[in-house]
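Hello,

Here is the structure I promised to pass on. Please open it first, then read my notes below with it in view.

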Amino acid sequence: MVIEGLLYTKDHEWARIDADVATIGITDYAQQMLGELVFVELPDVGKQCAGDDELAVVESTKAANDIYAPVAGKVIEANDELEAQPELINQDCYNAGWICRLQITDVKSVESLMDSKQYEEYLAGL
Amino acid sequence: MKLIFEKSAAGRRGVRTAPTDVPRISIRTDLLRQEPANLPELSELDVVRHFTELSRRNFGVDNNFYPLGSCTMKYNPKVAEHIASYPGFADLHPLLPQLRMGGMLTQGALRVLHEIDLLLREITGMARFTTQPLAGAHGELTGMMIMAAYHREQGNKKTTVLIPDSAHGTNPASAAIAGYRVVSIPSNENGVMDIETIKQHLNDEVAGLMLTCPNTLGLFNPHVKDICDLIHSVDGLAYYDGANLNAIVGKARPGDFGFDILHLNLHKTFATPHGGGGPGAGPVGVKKKLVPFLPVSVVTKRDDGTYALQYDRPKSIGYIAPFYGNFGVVLKAYVYILMLGKEGLRRVAENAVLNANYVKEKLKGHYRPAFDRLCKHECVFTISQRMAQNGIRAVDIAKALIDKGFHPPTVYFPTIIAEAMMIEPTETESKETLDSFIDAMIEIAEQAENEPEKLKAAPTTAVVCRPNETAAAKNLNIACS
């Protein structure tokens, strides 16, 4: 499932851009590939990230995967609910399963992301 | 099966000690436990039966085929075990060579450490080895600490280490613990790291590269020498992860490719036992310019032909393990190398590669190979489209193999292949064994395509069938009672 209006990376992160704030999560494809999540390591609020920097870690019984920052920014909020309930990402990856919010520091870094149509095409080619 | 605690009966004893004639002393009450320790109470026979029953549930390479990819679960020759149990080796106290005159009582053991260094140099093309690291990942960390020591000595300000996305997870962990930031390099469409991608990530910040070759897809990187040259062009060091040396041992030497540091997994390539706790051994070899940084102590041969431990090495990164590493493991690997010799080691690589390609060719009509071309010591498959449509996953195939009497291959690694199954047969398996494994895999493939529900229930013959892995990871309970 791919949601219209979100932006996507090749590493299967999504970003919802609202003015200069980006909400970040992982896509339905990513959560299906990982299987049931058992642990999420959230970023510290205040952390500065360049685009592509490691932002968080999600761990399932299969693998631990780094989540990269889709855009450059500063972490202003993290979804603490995930610490007790990592399965929120499996249940509702685009809403309740959001990972963190970034204050975008480099608007240009948004331009390299895919829209939903491009991401769907990218998925079809995998 | 009951836990040993559940078999406990109050007052039952295995051994009754004689009444003591040592005077009682009083111990401060705050140092005494308030309640008796919760220990099981059993007879000697209860204990013997308990542990014998447990041991019969174990599965090892001595039971049957164990194609766990990237682990090189080859047969461990019993002659090496026999020699390692000689009292002259097994009963040595590790402090002995450090005591006055003790060195003369341990000349045989020191000679083994010296000679395996010489043998590993010849096998890999490196200038000198330390046998101290206690396992592969410990060797990686030792190697990365040597890399950092080199750059400090050179006055280099280096911050990053390049690692391909197909690497073992221990590589980025070792680089990070040694203080570096890891830059993950994507594999190209042929499953290996390519020159152009390296060039894009190459700059003066690069301290070095960590590369497994052949990689975890069983693919040899044809550009490995050029990659090492590129790393050297920014005064970086090239690290060779020897986990997959079994594919090229006796055939090609990482030192000749241009690698500056490497570790070997003696418990993989050199046939010492591992799995379920090992212990392993991860000797690290370096090129000449890095020899001063090796951990202390090193064994040297003096002019009079005797062997001694040398500690006076001011540039050394210091101690990384107590004493001389897992000496018994090093000794078994030494026996293995001498037993096989140059010709034998070559045949190891030849047959390991032949066996992996045989399995790949026989199974490729039933499972999808990740890369359908010549592989080295291991091959990676994924499930067919039809299996995926049936809701079958790699884990279902793995579980079904347990019912057929085989240890499953590695699954879900390397992570760049979805539903990966990584099969490493090793050279020690006969064609008959490989054929029976292939038959089992084909039967399972047919079931996965036509009767998927049956497969999802597997294994049905094991003591524990499908543990809830998610619950186990989330609600960890390791209390004994």
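Predicted model: local features only at pLDDT ≥ 70, side-chain atom pairs only at ≥ 80, totals over all residues.

Is Met101(B) buried or exposed? Met101(B) has 7 C-beta neighbours inside 10 Å, so it counts as exposed. Its phi is near 70°, a positive value in a residue other than glycine. You will find Met101(B) in the loop between helix H3 (87-90) and helix H4 (102-105) of chain B.

Chain A has a residue of this kind too. Asp52(A) is not a glycine, and its phi is positive, near 80°. Asp52(A) sits in the loop between strand E5 (48-49) and strand E6 (54-60) of chain A. With 17 other C-beta atoms within 10 Å, Asp52(A) is partly exposed.

Now the chains as a whole.

Chain A holds five helices and nine strands. Their order from the N terminus is β-β-β-α-β-β-β-β-β-α-α-β-α-α. The C-alpha trace of chain A spans about 35 × 35 × 20 Å along its principal axes. A compact globule of 126 residues would have a radius of gyration near 14 Å, and the 13 Å of chain A agrees with that. Of those 126 residues, 39% count as buried. Take the contacts in chain A between residues at least 6 apart in sequence: 64% of them join residues at least 24 apart.

Chain B holds 16 helices and 13 strands. Its C-alpha trace spans about 80 × 70 × 45 Å along the principal axes. For 481 residues, a compact globule would have a radius of gyration near 23 Å; chain B has 25 Å, which agrees. Buried residues make up 42% of chain B. Among its contacts between residues at least 6 apart in sequence, 71% join residues at least 24 apart.

Where the chains touch, chain A gives six residues and chain B gives seven. On the chain A side, three are nonpolar, one is polar and two are charged.

Next, a helix pair in chain B. The axes of helix H5 (residues 107-124) and helix H11 (residues 327-363) of chain B come within 10 Å and cross at roughly 55°. H5(B) and H11(B) are therefore oblique to each other. Their crossing is left-handed. Which residues of H5(B) and H11(B) make the contact? From H5(B), they include Val112(B), Ile116(B) and Leu119(B). From H11(B), they include Phe327(B), Leu331(B) and Tyr334(B). By class, the contact has eleven nonpolar, no polar and one charged residues.

Then look at helix H13 (residues 394-403) of chain B. Seven of its ten residues are buried, so H13(B) is largely enclosed by the rest of the structure. Among them are Asp396(B), Lys399(B) and Leu401(B). The buried residues of H13(B) pack against strands E12 (410-411) and E13 (421-423), and against helices H14 (431-450) and H15 (452-456), of chain B. Just after H13(B), Gly405(B) has a positive phi of about 90°.

Last, the cis peptide bonds. One joins Cys213(B) and Pro214(B), with omega about -5°. Pro214(B) lies in the loop between strand E4 (206-212) and helix H9 (224-232) of chain B. Another runs from Phe413(B) to Pro414(B), with omega near -5°. Pro414(B) is in the loop between E12 and E13 of chain B.

Best wishes

How values were computed. Residues numbered from 1 in each chain as written. Chains lettered and ligands numbered in written order. Axes fitted to C-alpha atoms, helices over the stretch in contact; angles between N-to-C directions. Helix = DSSP H or I, 4+ residues; strand = E, 2+ residues; numbered from the N terminus. Parallel < 35°, antiparallel > 145°, perpendicular 65-115°, else oblique. Left-handed = near helix turned anticlockwise from the far one by under 90°. Contact = placed C-beta atoms within 7 Å. Nonpolar A, V, L, I, M, F, W, Y, C, P; charged D, E, K, R; others polar. Rg over C-alpha atoms; globule rule 2.2 N^0.38 Å. Buried ≥ 20, exposed ≤ 12 C-beta atoms within 10 Å, placed from the backbone.
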